[in-house]
Amino acid sequence: MLIAIPYIHPIGIPVPIQKMTQDFYGTIESLPAGSVVVLCIDVSMGMWVEVGPAGIAVMQHLLNRPLKILVTGASIDFPALWNLVMTTGNLDFHGKKYGEDYVVLGLY
């Protein structure tokens, strides 16, 4: 019951956005249309709980822009992690076509 209180009456604690985060966002925003971006998902399954949501957010940010995306990973867990991105990420591909607007390397 107590856990629901912040949902009903938000505490209002400010969450500052760090300069590194703003710079990273700005870099993606400043890329010219048609730029090729390599997104490397190179973590183990054990780290996914910590870094997965950020990886999904970055992928969605890239999909929101008119960019070409190359997704890759050197970890043995990459195929399973990409599957998690596709099944739980709820990504909006904005009509982008596989092989033309984005490609995934390293699955097999």
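Reply: Helix 2 and helix 3 are roughly parallel to each other, a class that takes in angles under 35 degrees, with over 145 being roughly antiparallel, 65 to 115 roughly perpendicular and the rest oblique. This is a predicted model, in which local features need pLDDT of at least 70 and side-chain atom pairs count only at pLDDT 80 or more, whereas totals for chains, interfaces and linings use all residues. Residues are numbered from 1 along each chain as its sequence is written, and side-chain values use heavy atoms, leaving out hydrogens and water.

Me: At what angle do the axes of helix 2 and helix 3 cross?

Reply: Two packed helices are described by the angle between their axes and the distance between the axes. Here the axes of helix 2 (residues 19-30) and helix 3 come within 10 Å and cross at roughly 25°, where axes are lines fitted to C-alpha atoms, for helices over the stretch in contact, and angles run from 0 to 180 degrees between N-to-C directions. Helices are DSSP runs (H or I, at least four residues), as are strands (E, at least two), numbered from the N terminus.

Me: Which residues of helix 2 and helix 3 meet?

Reply: F24, Y25, I28 and E29 of helix 2 meet V58, H61 and L62 of helix 3, contact meaning heavy atoms within 4.5 Å. These residues divide into five nonpolar, one polar and one charged, with Ala, Val, Leu, Ile, Met, Phe, Trp, Tyr, Cys and Pro counted as nonpolar, Asp, Glu, Lys and Arg as charged, and the others, Gly among them, as polar.

Me: How do helix 3 and helix 4 pack?

Reply: Helix 3 packs against helix 4 (residues 78-88) at an angle of about 60°, with their axes 11 Å apart, which makes helix 3 oblique to helix 4. Their contact is made by W48, I56 and M59 of helix 3 together with L81, W82, L84, V85 and T88 of helix 4, and by class it has seven nonpolar, one polar and no charged residues.
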